[in-house]
Amino acid sequence: MVSEFILLGLSNYCELQVPLFSIYLFIYTITLMGNILINVITMDTSLHTPMYFFLRVLSFLEICYTSVTVPKMLVNFLSENRSISYMGCLSQMYFLLFFGASECFLLAAMAYDRYMAICNPLRYRLIMNRRVCLSLTVLSWFSGNVVSLVQTAWVFTLPFCGSNQINYFFCDIPPLIKLSCTDTSQYEMQLFTATILVIFTPFSLILVSYIFIISAILKMASAEGRHKAFSTCSSHLIVVTLYYGSGSLIYLRPKFIDSPDSSKVLALIYTTITPTLNPIIYSLRNKEVKGVVRRMLRDMLKRKIFSHGK
């Protein structure tokens, strides 16, 4: 019975360990700063709307999601001891799946919010009240928890009696089931079915929402109105494409194109690069966020000048 696992990562490339540590420490720092900044900016009273409430929750999930894997990964880049306990591996995988699945469902809630804002603007504030926003958030977290509990329980009921070396940067489903000393074909079919449901159920809701949104936008008489409506949805669409695209490549790839190195690269993109891009996408493409940032910087500058004047 295995009592601990070894996270191999890219340990066979010794010369890359320090450069990789520096690169991913920088990326992790940018991710934390960017998502914390989004939370601070959206606390501004002018941004107390459902869209920015969901954006705050998304940024919080991104911080948690990256913090599940990256700190341990950074330690392993500089350490010869790359072990993780059985319970540590279980916990890491549970929280990785929990935050990842919750984000899948939250993106669907954000699409519904955009649908209500564009297709039903007169009743938007009435329907998307604080109670509804909180309920959708709790539902997304509850769904993520159920998915994570089921998947983690399935994986860790498998017997691990052979090698304990995980050819990956962290504990995740695909590399772990390869270590099982039993036939996992039935489990792999269950995993594939569950992944289809987890990815495509919220994605289908997003797709339906945007079909109605695009239809409503095209019916708008004003070109300025159409441009404004498209601009409020573009950031969300880019994030959905990045998130679901990279997630599908990891969990739904056919075996014949699967290779350890490509899996590791995709995992790094999925868990570090995508969370870093989210705050950049939402801030660069959003006039309201840029306006609040400019006002905050202006106020800080005034206070600094005023304090020096004293």
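Predicted model: local features only at pLDDT ≥ 70, side-chain atom pairs only at ≥ 80, totals over all residues.
Helices here are DSSP runs of H or I with at least four residues, numbered from the N terminus.

**A positive patch on the surface**

- Six residues gather in a patch of positive charge on the surface: Lys228, Lys287, Lys290, Arg294, Arg298 and Lys302.
- Helix α10, which spans residues 287–309, supplies the largest share of this positive patch, with five residues.
- Lysine 287 counts as exposed because its relative accessibility is 69%, and the cut-off for exposed is over 50%.

**A nonpolar patch on the surface**

- Leu139, Phe142, Val146, Val150 and Trp154 form a nonpolar patch on the surface.
- Together these five residues have about 440 Å² of accessible area.
- Tryptophan 154 has its place in helix α5, which covers residues 130–156.
- With a relative accessibility of 30%, tryptophan 154 counts as partly exposed, since that class lies between the buried limit of under 20% and the exposed limit of over 50%.

**The salt bridge**

- How many salt bridges does the count come to? The count comes to one.
- Arginine 114 and aspartate 113 are the partners, and their closest N and O atoms are 3.0 Å apart.
- Are arginine 114 and aspartate 113 buried or exposed? Both residues are buried.

- Threonine 276 lies in helix α9, made up of residues 260–284.
- Threonine 276 has a relative accessible area of 11%, so this residue is buried.
- The side chain of threonine 276 is joined to the side chain of threonine 31 by a polar contact of 2.5 Å.
- Serine 83 is found in strand β2, which runs over residues 83–85.
- The relative accessible area of serine 83 is 17%, so serine 83 is buried as well, given that buried means under 20%.
- Which side chain makes a polar contact with the side chain of serine 83? The partner is asparagine 81, at 2.8 Å.

- Phenylalanine 95 counts as partly exposed because its relative accessibility is 38%.
- Phenylalanine 99 counts as buried because its relative accessibility is 9%.
- From phenylalanine 95 to glutamate 62 is a step of 33 residues along the chain, and their C-alpha atoms are separated by 12 Å.
- From phenylalanine 99 to cysteine 64 is a step of 35 residues along the chain, with 7.1 Å between the C-alpha atoms.

**Pairs from the start of the chain**

- Asparagine 12 is found in the loop between β1 (4–7) and α1.
- At 56% relative accessibility, asparagine 12 passes the cut-off of over 50% and therefore counts as exposed.
- Tyrosine 24 lies in helix α1, residues 17–41, and counts as buried because its relative accessibility is 11%.
- Tyrosine 24 and threonine 272 are 248 residues apart in sequence, yet their C-alpha atoms are 7.9 Å apart in space.

How values were computed: Residues numbered from 1 in each chain as written. Heavy atoms only, no water. Patch = residues over 30% accessible without salt bridge, like charges linked within 9 Å, V, L, I, M, F, W, Y side chains within 5 Å. Areas by Shrake-Rupley, 256 points an atom, 1.4 Å probe, with all protein chains shown as cover. Salt bridge = Lys/Arg side-chain N within 4 Å of Asp/Glu carboxyl O. Lys, Arg positive; Asp, Glu negative; His and termini not counted. Charge placed at Lys NZ, Arg CZ, Asp CG, Glu CD. Helix = DSSP H or I, 4+ residues; strand = E, 2+ residues; numbered from the N terminus. Buried < 20%, exposed > 50% of the residue type's maximum accessible area, 1.4 Å probe, protein only. Polar contact = N/O pair within 3.5 Å; in protein donor to acceptor, adjacent residues only side chain to side chain.
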